[in-house]
Each structure stands twice: as structure tokens, then as C-alpha cells.
Amino acid sequence: VIVDELKDLMSKSAPTAVTTTDDSRISSTCTNFNGGLVEYILYDVQFAAISVPDVDDVTSFTWTIDGKEVSSSSPVFIILSYYISKPGPVKVCYEASSSCGVFTDCVTINFTGN
């Protein structure tokens, strides 16, 4: 249930951040990373997530927290408390590859411990 609500929340709005290895390959079907990486809080749980969760085309992805790769099965979001427990600022980065190119983005989140 939380995943569905998170996806609904993520579809509302966000800034734009898309990079590709070849700009000529961007088309109307290559919007799966428009919006960038953002922080969400749902039921007091902090997430880092891509703002548009249309990732059917993702061939590989990597999440890092403060420069250390973390294991996640989701190409859409991570629940921060699964990986860190100490409150304070953390830098969360995401890199994914798809037919549209390579997307990379980072966001600093003030982790509250939830």
C-alpha cells in the first residue's frame, strides 16, 4: 500500500534533471527520468526516489548513500532507514541506464531517523 501511495505522490510534481549519452535519442517516450531524484516523506518514513516512476526500460541502476553503494531491488525508491540510522544530512545518489541513455542525480537529505 505504501509503495502505491508513494508512486501516486511522486507523479504530482518535481524539478527536471535528465542526462543522456546521446541527446538525439531523447524523444517523447524518453521521459522516465524527467524530474530527477527527490526526497519524499510518507507516514513519517523518508524516501529518496526518482520523481517519475516509469522505469520499465531500466537495464541497470545503482543507489549510493554518502558515496557507499547500497543494495536495493527497487529502481524507483529507497527507504533511507533501511540503510542509515544516525540523523543528519546524507547525500543520496542514483544512476540508471535505459534505452534513453544514462541518468544520474544526487540529492542531500536531512535524515531525521525515520
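How many bridges join strand β3 (residues 60–65) to β6? The count is 6, and the two strands run antiparallel. Strands here are DSSP runs (E, at least two residues), numbered from the N terminus, and two of them pair if DSSP finds at least two bridges between them. The model is a predicted one, in which local features need pLDDT of at least 70, side-chain atom pairs count only at pLDDT 80 or more, and totals for chains, interfaces and linings use all residues. Residues are numbered from 1 along each chain as its sequence is written, and side-chain values use heavy atoms, with hydrogens and water left out.

Strand β3 also pairs with strand β4 (residues 68–70), again in the antiparallel sense, over 3 bridges. Within this pairing, isoleucine 65 stands opposite lysine 68. The hairpin of β3 and β4 has 2 residues between the strands, and aspartate 66 takes a positive phi near 50° there. On the β6 side, threonine 64 has cysteine 93 as its bridge partner.

The link is right-handed, with 110° about the S-S bond. It connects distant parts of the chain, since cysteine 93 lies in strand β6 (residues 88–98) and cysteine 106 in strand β7 (residues 101–111), 13 residues apart. For accessibility, buried means under 20% relative accessible area, exposed over 50%, and partly exposed in between (1.4 Å probe, protein chains only). Cysteine 93 has a relative accessible area of 15%, so it is buried, whereas cysteine 106, at 38%, counts as partly exposed.

Aromatic rings come next. Rings of Phe, Tyr and Trp (its six-membered ring) pair if their centres lie within 6.5 Å; planes under 30 degrees apart count as stacked, over 60 as edge-to-face and the rest as tilted. By this rule there are 4 aromatic pairs. In one of them, the ring centres of tryptophan 63 and tyrosine 94 are 4.4 Å apart and the planes stand at 50°, so the pair is tilted. This pair too links distant parts of the chain, with tryptophan 63 in strand β3 and tyrosine 94 in strand β6, 31 residues apart. Both tryptophan 63 and tyrosine 94 are buried. The rings of tyrosine 82 and tyrosine 83 are also tilted, because their planes stand at 55°, with centres 6.4 Å apart. Here tyrosine 82 is exposed at 60% relative accessibility, and tyrosine 83 is partly exposed at 29%. Trp63, Tyr94 and Phe103 form one aromatic cluster.

Elsewhere, an open sheet of 3 strands has the order β1-β2-β5, with antiparallel pairing. Strands β1 (37–42) and β5 (77–79) stand at the edges with a single partner strand each, so one side of each has no neighbour in the sheet. Strand β2 (residues 45–50) pairs with β5 over 3 bridges, and alanine 48 has isoleucine 78 in β5 as its bridge partner.

Strand β2 also holds glutamine 46, which is buried at a relative accessible area of 1%. A polar atom of the glutamine 46 side chain lies 3.2 Å from the backbone oxygen of asparagine 110. The glutamine 46 side chain also reaches the backbone nitrogen of threonine 112, at 2.7 Å.

Terms used: Helices (H or I, at least four residues) and strands (E, at least two) are DSSP runs, numbered from the N terminus. A polar contact is a pair of N or O atoms within 3.5 Å; within protein, one must be able to donate a hydrogen and the other to accept it, and residues adjacent in sequence count only if both atoms are side-chain atoms. A disulfide is a pair of cysteine sulfur atoms within 2.5 Å.
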